[in-house]
Amino acid sequence: MNALNPTRTHMPPRAGLPMPEQSFAAPFTDPAAPGATTRCPWLARLAVFVPAIAVSLALAAICFDWFRKDGFVVAETAMVGLVAFSSFGIAVSVFTALVALWNRPVRQPKGGERLNVALLMPIYAEDVETVFRRVAAMRAALTRADTRHDYSLFILSDTPKGPLATAEWWHTQRLLAVGGIPLFYRRRARNIHRKTGNIADWVEGHGAAYEAFITLDADSLMAVDAVEALADDLAADPACALVQSVPRLMGGASIFGRFMQFSNNVYGPWLARGLRIHCGVDGNYWGHNAIIRTRAFAACCGLPLLRSLPWTRRTLGGDIKSHDFVEAALLIRAGWTVRIREDIAASWEKAPQTLVDHILRDRRWCQGNLQHLGLLFSRGFSSMSRFHMLQGAMAYLASVVWFALLMVWAIIGTNAATVLNYFSPDNPLFPRWPEMDAVDRMSVLLAMAVLLLTPKVVAVLKRPRQIGHSRASYGFSVLVEILASVAIAPTMMVQHVLGVLRTFAGRDTGWAPQNRDGTRLSAFALLRFHFVETVIGAMLCTGIGTGLVSWWLAPIGLSLLAAPALSGLSAIGLPSSFRLLATQETLRPAQIITDAETASSEVEPVGSFAPAPAE
């Protein structure tokens, strides 16, 4: 076979495990699962869910008071219920952050057998040079380190044939020539079932030779300490099937990338700590930077295709797109435990660089999370697993509720004039609006502000100041991050609504490769991308200017009207020395981040490869 042929593979001898398809209609217990020995953290769960329910009921009571004077109709009753339900998810985040104040340390693993661990990096038409630099950095670090466990690196490609596939093969050859821990490469001729099919193909072909595997995304990077900590934890707990680290964001080179990186790295670990405390051994899986027990995964996580209504078959049926939540639920159902380790810090993924990139990625997440609604009543799932899936879906459905409430608020107007009216069979020509005075509006705004800001305030007060920041620069960065969050929140609300509508209308988001270096669009392209937000913003601002719409909605209207400008601004690059919204990953990056970003003689530029021959 020609050496340039991109179908060439370099893999160890086959040693597969069967991966039977699971049923959501019947419970399943894995005979090999020892079962959890840790008690359920009921006190922590009560501390999260009871006050969250109380807060959501209080917000529902405000809506109830708006509508009750003239009696209820079905739409109004549904609105009150949906407001209560959607605000519950926000309130859970608040009390998860507060539960993190409970000084409950991570259980430190001790003992356990030496594991043979595979690091799996599935890729699909990625920037080859960047991916292989990360692979080279991790491989070199693991080769140099005196590790307790044995490691091998697998690059599992779903890239279609062509120059990128050829480049992947040649980069693999270059790394193999350097030497180090075992490195393998395989490209599937047909990328059946996307990432889940890619991992399943490895399990069924080679999983029996490895006690565990660590899943990596194409933009993942993990230091030796993080890899070893995950392996030690799994080895020390025979009842555990999955340990999830909490990846920090890196590589924020634009305004938006820096904003996302700062938000994630400052607030994320604190929220994850609260999640770890109240979830206990019923944790969750986020698809990458986690270690999984191979035989447990093979026995419990064979995913079937989902059935759906004919017009949503492409969106809510077929492959399970957000497979990670479901795989965690299946492992817990079968008797295994799933845990979160937010204290493992040397685990990273790359930040999206523009608002457009974030929205494009978020559309796929929207579709995948809405699929979970059909799995909520699967047999044998734990209550926490069901909540994780419901919370993921409600992150998008809540935007629909809040958008509907925004529209009601807008068309109620100033109570002196209205844009639309309520119609009733008894009085169709002169309908009545529910009254909403300034106190009502202020109470809603204050309640939402408190709910949204409390997790951030708690995280900032309890977490140490970021390395490289003075108190003044750190405080200013927190203020800028909050203002930026407020500015883009209306745009994300509208985009979530559009994502939900697309999904239920059967419009598939597809499986296009992510642009991890930032999508730059012209002013016209930005206006077209944010057309819906701009039109809604223009309508709100016009209504405010003419006195038909309450001026309380001015911040939302202006934000939506400025969506194209905000999106374009988000793509502006920032130097690494610029301290605003900077984190340790920018100012003083770990050595492995520096290694992964630096050109290496082990890797040739992609442009030097000859074109791929015909297959």
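Helices α10 (355-371) and α13 (471-504) each supply at least two residues to the lining of the largest cavity. α10 gives the most, with 4 residues. Helices here are DSSP runs of H or I with at least four residues, strands are E runs of at least two, and both are numbered from the N terminus. The lining comprises Ile 359, Asp 362, Arg 363, Cys 366, Tyr 396, Gln 495, His 496 and Gly 499. A cavity is a set of points, on a 1 Å grid over the protein atoms alone, where a 1.4 Å probe fits but cannot get out; lining residues have an atom within 4 Å of a point. The largest cavity has a volume of about 50 Å³, counted as the space filled by probe spheres set on the points.

This is a predicted model: local features need pLDDT of at least 70, side-chain atom pairs count only at pLDDT 80 or more, and totals for chains, interfaces and linings use all residues. Residues are numbered from 1 along each chain as its sequence is written, and side-chain values use heavy atoms, with hydrogens and water left out.

Now the surface. Val 457 sits in helix α12 (residues 438-462). Its relative accessible area is 43%, so Val 457 is partly exposed (between buried, under 20%, and exposed, over 50%, with a 1.4 Å probe and protein chains only).

Last, the strands. An open sheet of 3 strands runs in the order β5-β10-β7, with mixed pairing. β5 (221-222) and β7 (248-250) are the edges; each has a single partner strand, so one side of each lacks a neighbour in the sheet. Two strands pair if DSSP finds at least two bridges between them. β5 and β10 (residues 347-350) pair in the antiparallel sense over 2 bridges. Leu 221 has Trp 348 in β10 as its bridge partner.

Definitions and conventions: 1 Å grid on protein atoms, 1.4 Å probe; cavity = no way out; pocket = protein on both sides within 12 Å on 5 of 7 lines; lining within 4 Å.
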